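Have a look, then read on.

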Amino acid sequence: MPTDDHPNLDLIGMVQRARMTNDADVQPSQVNAVYWIEAKPKQPQPEQAAPTPRAGYWLIHTTLSEVDTLWARIKTATEKGQLGYKSKVATASRGQVDERLIHVMTYDAADTADVERVRAGLTHSGFTDDLTYQRS
């Protein structure tokens, strides 16, 4: 057992990569084992910094009947590097009967240019209604 209080970042990274591989083709409306499914850019862009304590996210409200289609669009845009450093979708195990949430993460809410770049990416992907931004 480690004697220090520092997390094993290598182990955490390995678990996250395995989970991302497992979640690659799942439908959020059909998942019950985890609360969130995540997507990250396949090739992180050099200008995208690591998340800061001031990270934030664009919040998209959707329904159980629409979540799979909307998540597919968000996931594709995220993997292409057109959105933030990560996106995640609430699964069926979140407890809500019909509502589902999608978060499109930005690395720093204080970087208004990046926040607006991600919003523009969402708009380009067809998300124009009911977008709200929140700090993490």
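What follows covers a strand, the nonpolar cores and some charged pairs.

## Before we start

This is a predicted model, so to speak of local features takes a pLDDT of at least 70 and side-chain atom pairs count only at pLDDT 80 or more, while totals for chains, interfaces and linings use all residues. Residues are numbered from 1 along each chain as its sequence is written, and side-chain values use heavy atoms, with hydrogens and water left out.

## A covered strand

Let's begin with strand β3, residues 86–90. Helices (H or I, at least four residues) and strands (E, at least two) are DSSP runs, numbered from the N terminus. In β3, 5 of 5 residues are buried, where buried means under 20% relative accessible area, exposed over 50%, and partly exposed in between (1.4 Å probe, protein chains only). Both faces are covered: Lys86, Lys88 and Ala90 lie on one side, Ser87 and Val89 on the other.

Two strands pair if DSSP finds at least two bridges between them. β3 pairs with β1 (residues 36–39) in the antiparallel sense over 4 bridges, and tryptophan 36 has alanine 90 as its bridge partner. With β4 (residues 99–106), β3 also forms an antiparallel pairing over 4 bridges; there, serine 87 sits opposite valine 104.

## Two nonpolar cores

A nonpolar core is a set of buried Ala, Val, Leu, Ile, Met, Phe, Trp, Tyr and Cys residues joined through side-chain atoms within 4.5 Å. The largest one here has 18 residues, and those with the most contacts inside it include Ile60, Trp71 and Ile102. β1, β2, α2, β4 and α3 each supply at least two of its residues, with α2 giving the most, 5 residues.

A second, separate core has 9 residues, among them Trp36, Ala55, Leu59 and Ala90.

## Charged pairs

How many salt bridges does the structure hold? There are 5, each being a side-chain nitrogen of Lys or Arg within 4 Å of a carboxyl oxygen of Asp or Glu. One of them joins arginine 54 and aspartate 108 (2.5 Å, N to O). This pair links distant parts of the chain, 54 residues apart: arginine 54 is in the loop between β1 and β2, aspartate 108 in the loop between β4 and α3. Arginine 54 is partly exposed at 44% relative accessibility, whereas aspartate 108 is buried at 6%.

Helix α3 has its own example: aspartate 114 and arginine 117 are 3 residues apart, so about one helical turn separates them. Their side chains meet in a salt bridge (3.0 Å, N to O).
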